[in-house]
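Here are my notes on the two ligand sites. Please read them with the coordinates open.

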Amino acid sequence: MLILGIETSCDETAISIVEAKGGLDKPTFRVLSHIVHSQIKEHEEFGGVVPNIAKREHQKYLPIVLEKALEEAGIGGELSIMNHELWMEKNVDKSFPIDLIAVTVGPGLEPALWTGIEFAKDLSKKWQIPIVGANHMEGHIASVLLNKTEEMTNHKSQNPNSIIFPAVALLISGGHTELVRLDSWTKKEKIGQTLDDAVGEAYDKVARMLGLSYPGGPEISKLANEAREKGIEANFKFPRPMMHSKDLNFSFSGLKTAVLYYLRDREKKVAERTSGPDESRGGQESKVTFFSLELKQKVAYEFEEAVTEVLVSKTKKALEQTNAKTLIVGGGVIANKYLRLKLQTLGDECGVKTLIPEKMLTTDNATMIAATGYLQYVEQGANNADDLKANGNQSI
Ligand code: KG4
Ligand code: ZN
């Protein structure tokens with residue numbers, strides 16, 4: 001079946017068209033189009049995503065992105081303005097090309113989610129096709145099913161589920177840090193989560209302290225890699241919060257604060273050396289221009305080491321506790337090269353299969369929404385369009 005996925009939970013306006021088959025035992029996907037319009041430029045000056053700007057941009061770009069997605073899939077741009085009756089009249093030999101709409105209903109920013117939901121409902125009515133409301137975090141899990149090179153798709157005779165589950169999914173994004181146990185593609189239970197900041201949020205906040213642009217993850221990661229390449233090591237240590245706690249929860253706000261205090265302290269020392277002990281150097285903005293490249297590299301390096309150690313250690317605990325056969329990693333932060341390497345190594349050491357999405361599928365997109373929408377549709381059928389509501393805090 002052909003699925004049109006719609007994603008507007010944050011600052012990406014995304015629509016994809018995906019062919020899906022195989023049911024829950026052997027879900028297989030072919031991506032016909034994958035369009036993502038990023039709003040980063042609109043939010044950059046605010047250092048984070050502004051919900052009402054996100055809503056305005058989604059409203060503006062959804063019809064444009066839809067047009068592009070239909071064209072790229074070879075379905076024909078005219079479909080976006082056609083209703084079902086007109087299609088049937090004009091294309092007597094061709095059945096209606098889209099079978100299902102999957103739209104993100106949560107978690108995310110509610111004003112942003114609503115624009116996607118309303119847009120999807122209108123299409124569903126106009127085209128007279130069923131609709132499902134998809135969970136964004138489940139989408140990040142399903143993104144591993146879209147890897148072209150994935151070995152899973154090579155298990156021709158047997159049901160690959162028997163060798164995949166139980167699995168542990170580590171979800172790391174701008175708004176979430178979660179560990180999930182999976183007994184099938186649709187049977188899930190959250191077994192750990194952050195008690196405060198999400199990993200991506202910590203990356204973004206630390207980047208801001210260093211005067212780097214939004215989103216901060218790629219910027220910090222670049223500096224940390226430069227430090228590794230040059231063999232620069234930090235001569236200070238940041239904490240690894242909750243690394244040794246028995247549970248599977250995380251906490252990143254203390255780490256973020258440790259970075260802030262370290263930078264304040266450094267700044268004070270340099271100010272004392274250059275201007276005398278009582279000289280004040282003004283607000284946050286004047287501080288950030290002050291740090292040398294080497295200091296930024298060291299901070300980024302040590303911060304990334306701390307984050308990585310905590311994530312690897314808690315994920316290891318989760319794999320052991322659940323007797324998992326597979327480690328699945330999803331969410332924007334897994335675009336990070338160093339984390340990809342460390343989690344792949346963890347999987348190898350624990351003797352489990354590690355599934356990480358291809359880079360273009362790590363950050364928010366609608367292909368993963370189409371994929372998770374398919375799994376949900378196969379298991380539960382469609383939703384009533386009028387029942388679909390945005391749920392900013394929707395859990396897995
Ligand atoms: O999943 P995502 O696209 O959006 C949410 O659902 O939140 O994740 C965005 C997050 C941002 O915090 C961004 O800084 C982070 O992913 N990110 C990274 C990298 N690329 C994106 N974090 C660390 N290293 C990266 N290379
Ligand atoms: Zn996301």
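A polar contact here is a pair of N or O atoms within 3.5 Å. Keep in mind that the model is predicted.

1. Start with the polar contacts of ligand 1. A backbone N or O atom of Gly 217 sits 3.0 Å from one of the ligand's oxygen atoms. The side chain of Asp 364 also places an N or O atom 3.0 Å from an oxygen of ligand 1. For His 136, a polar side-chain atom is 3.2 Å from a ligand oxygen.

2. Next, burial of ligand 1. Its area when taken alone is 550 Å², and the protein buries 89% of that.

3. The shell itself holds 19 residues. Gly 174, Asp 204, Gly 217, Gly 332 and Asp 364 are the closest. By class, 12 residues are polar, five nonpolar and two charged.

4. Now the metal. Which residues coordinate the zinc ion (ligand 2)? The donors are His 136 through NE2, His 140 through NE2 and Asp 364 through OD, at 2.1 to 2.2 Å. Their spacing in sequence is H-x3-H-x223-D.

5. The histidine pair deserves a look. His 136 and His 140 lie four residues apart in helix α5, so about one helical turn separates them. Both histidines are buried.

6. Two residues link the sites. His 136 coordinates zinc and has a polar side-chain atom 3.2 Å from an oxygen of ligand 1. Asp 364 is a zinc donor too, and its side chain makes a 3.0 Å approach to a ligand 1 oxygen.

Definitions and conventions:
Residues numbered from 1 in each chain as written. Chains lettered and ligands numbered in written order. Predicted model: local features only at pLDDT ≥ 70, side-chain atom pairs only at ≥ 80, totals over all residues. Heavy atoms only, no water. Near = heavy atom within 4 Å. Polar contact = N/O pair within 3.5 Å; in protein donor to acceptor, adjacent residues only side chain to side chain. Areas by Shrake-Rupley, 256 points an atom, 1.4 Å probe, with all protein chains shown as cover. Nonpolar A, V, L, I, M, F, W, Y, C, P; charged D, E, K, R; others polar. Donors = N, O, S within 2.8 Å, 3.2 Å for Na, K, Ca; no water. Helix = DSSP H or I, 4+ residues; strand = E, 2+ residues; numbered from the N terminus. Buried < 20%, exposed > 50% of the residue type's maximum accessible area, 1.4 Å probe, protein only.
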